[in-house]
Amino acid sequence: MKRALFLVALAACGGEAADRSTAAVAAADASYPAVREYDRGHFRIGATPTKAQLVAWNTDIGPEGAELPEGRGSAREGAQVFAQQCAACHGAEGQGLEPLYPLLISRDPRGEGFDFASDPKIPRSIGNYWPHATTLYDYIRRAMPLYTPGSLSADETYAVVAYLLAANKVIPDTATLDATALRAVQMPARDKFVPDDRSPTRP
Amino acid sequence: MTRKLSRRDMLAGTAVALGATALGAKVADADAADAVAAAQDAAVTVPADPTKLQGLPTSPLGARSPFVKPVRGPQTGLTVGSSLTPLQDLTGPITPADLHFERHHAGIPVIDPAKHRLMIHGLVDRDVILTLDELKRFPQVTRTYFIECSGNGRNAFRDPKPDMTAQKVAGMVSTSEWTGVPLSTLFREVGVKPEATWFLAEGGDACMMTRSVPIAKAWDDALIAWAQNGEPLRPAQGYPLRLVLPGWEGNINVKWLRRLELGTRPWRTRWETSKYTDPLPGGKAREFTFENDVKSVITTPSHPGRLSGRGWHPVQGLAWSGRGRVTRVEVSADGGKSWQDAEFMGIALPKAAVRFQWMFEWKGGEHLLLSRATDEAGYVQPTRAALLEARGAGTDYHFNQIVGWNVARDGGVTFHGAT
């Protein structure tokens, strides 16, 4: 167990322990004497997914944006998409209706120092809290609009991502985003997140 | 407390829901449902002497006594939100499945188990796609674990009020006996490549919930669960499959699980960046704060209950830790000046709730009852002041502060959160 937790820590820190996975299996086996003979082999149950299944399901986009699809959209076009598809819940100014419909747009001066621990009322927005612009594309494509998730085209998604980033003063109002441009966006909060350092003396 | 729906309301609502989703499956046996409704309605007539009258016949589904009416709440009618377990109405460590708290980000999907698939792919030797029947051909285990939303207790932390109930203070924790396949078994089956360090878990709901998990958790105690308390999962708990990551914040126990992808780094999804991160003083925020820390809450007595009279009363509650077993629960009747060890009413299992009890002789005075739990990892439940000091008022998750109840001279009980 301790070994496993140590490995969690290593993985979380991006440490360079080679062959982590093999070590983790060994640690799990050692700490769990009830690992039976059959756990070391293969049951050969289940099918191999087809290429089509993998393509259809494997839609996630990581922080490097390597999986971003073709397409492009401008912040100006995105304003139209936002007005038609998003404003009904998130408000015309992206002010949100908390807690159900999150605020999206704010560069409230109180949030600029990332001092959110001082007051829960300081609005946390895409512009001041989200560390990766790629997450916007991933989330909007998988979960939005709320009542018709997955209905936006790639161009519309790039456009609304561009609009939200421009409205949050991360990119210019005149910007157009495609995969290359979105990968290059630097979020104001990109360096603000730290590993979990809780301990018995540090809650 | 919200109005309890009548049986007729419930049946009508079910019909509407099924129609709206165009499920195409047969609506549940209407005769059986009618029989349950009739049995419950009949039970409302209470004979003066039950020993002189034949009782009710058997029924296809057991209903609670008409005198027992626990309900989750609040009932908002919204698909995005939560509904909390009535901790004050329950006993023992296990939460009845129909009272397990709910937290949904895109409503509860209606999933045909015959069509559901679990795909495992990425940095593995062999990509696999499994039906539910195929998954159940693997060796399985049954384990008791709590699941707690990491937002549990936010209201009681931010704005404690005397009229808060145990349900409102801590009702986003529930404990179940889960049955499923250890994730380590499935990962052995597909062959994890040495460079894989994280995996992505994806749900099949309308937001396709995604969370990144360090792979060591799979080799430790992660489960792919298909059953809860002796029967298939309830829809609100992820039917037909959910990920169970014992002790870790509720959100990462992905419901309606359909895909696991192995990779070399976290995906930094919306639910592990914009949400479920913990602001810290100094202009930073903690990320990947998985474990729910040791916590306890007294559920008896609690508001709006009261002490019925002078004399002995059991002070009972729940304690749990995401870091292992709860090893000790102390109770104070004087606001924390002195503490006494409570006893466990059952066996304290790792990462499962345990009920504690301390006998209190009430002589009619004013008291502040508090509970404080310790776990086997050496963590002790902090006061609210200590949490405020360490994390600030804007902290947003993992509220495990000591809480309690004021007992007035008339036996009235009100919440005390400002510890």
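Where in chain B does B:P74 lie? B:P74 sits in the loop between α2 (30–43) and β1 (81–83) of chain B.

Before we go on, a word on what you're looking at. This is a predicted model, in which local features need pLDDT of at least 70 and side-chain atom pairs count only at pLDDT 80 or more, while totals for chains, interfaces and linings use all residues. Residues are numbered from 1 along each chain as its sequence is written, and chains are lettered from A and ligands numbered from 1 in the order in which they are written.

Let's stay with chain B and look at how it is divided. Domain 1 covers 7–69, domain 2 covers 117–286 and domain 3 covers 295–416; these bounds come from an automatic or database domain assignment. Taken over C-alpha atoms, the centres of domain 2 and domain 3 of chain B are 28 Å apart. Their contact takes 30 residues from domain 2 of chain B and 25 residues from domain 3 of chain B. Two residues count as in contact if their C-beta atoms, placed from the backbone, lie within 7 Å. On the domain 2 side, β5 (141–148), α4 (154–158), α5 (166–170), β6 (173–182) and β13 (278–280) of chain B each supply at least two residues. That side of domain 2 divides into 17 nonpolar, eight polar and five charged residues. For these classes, Ala, Val, Leu, Ile, Met, Phe, Trp, Tyr, Cys and Pro count as nonpolar, Asp, Glu, Lys and Arg as charged, and the others, Gly among them, as polar.

Now find the open sheet of four strands in chain B, with the order β15-β16-β20-β19 and antiparallel pairing. Two strands pair if DSSP finds at least two bridges between them. The edge strands are β15 (295–300) and β19 (343–344) of chain B, and each pairs on one side only. Five bridges link β15(B) in the antiparallel sense to β16 (residues 311–320) of chain B. If you want to spot one position in that pairing, B:S296 stands opposite B:A319 in β16(B).

Next, bring chain A into the picture. In all, 67 residues of chain B are in contact with 58 residues of chain A. The side of chain B that touches chain A has 33 nonpolar, 16 polar and 18 charged residues.

α4 (residues 75–85) and α8 (residues 154–167) of chain A pack at an angle of about 100 degrees, with their axes 7 Å apart. Axes are lines fitted to C-alpha atoms, for helices over the stretch in contact, and angles run from 0 to 180 degrees between N-to-C directions. α4(A) and α8(A) are therefore roughly perpendicular to each other; angles under 35 degrees count as roughly parallel, over 145 as roughly antiparallel, 65 to 115 as roughly perpendicular and the rest as oblique. By class, this contact of α4(A) with α8(A) has nine nonpolar, one polar and two charged residues.

α8(A) has another helix against it: α7 (residues 134–143) of chain A packs on α8(A) at an angle of about 130 degrees, with axes 10 Å apart. That makes α7(A) oblique to α8(A). The contact is made by A:L136, A:Y137, A:I140 and A:R141 of α7(A) and A:T157, A:V160, A:V161 and A:L164 of α8(A).

The loop between α7 and α8 of chain A holds A:P145. A cis peptide bond joins A:M144 and A:P145, with omega about -10 degrees.
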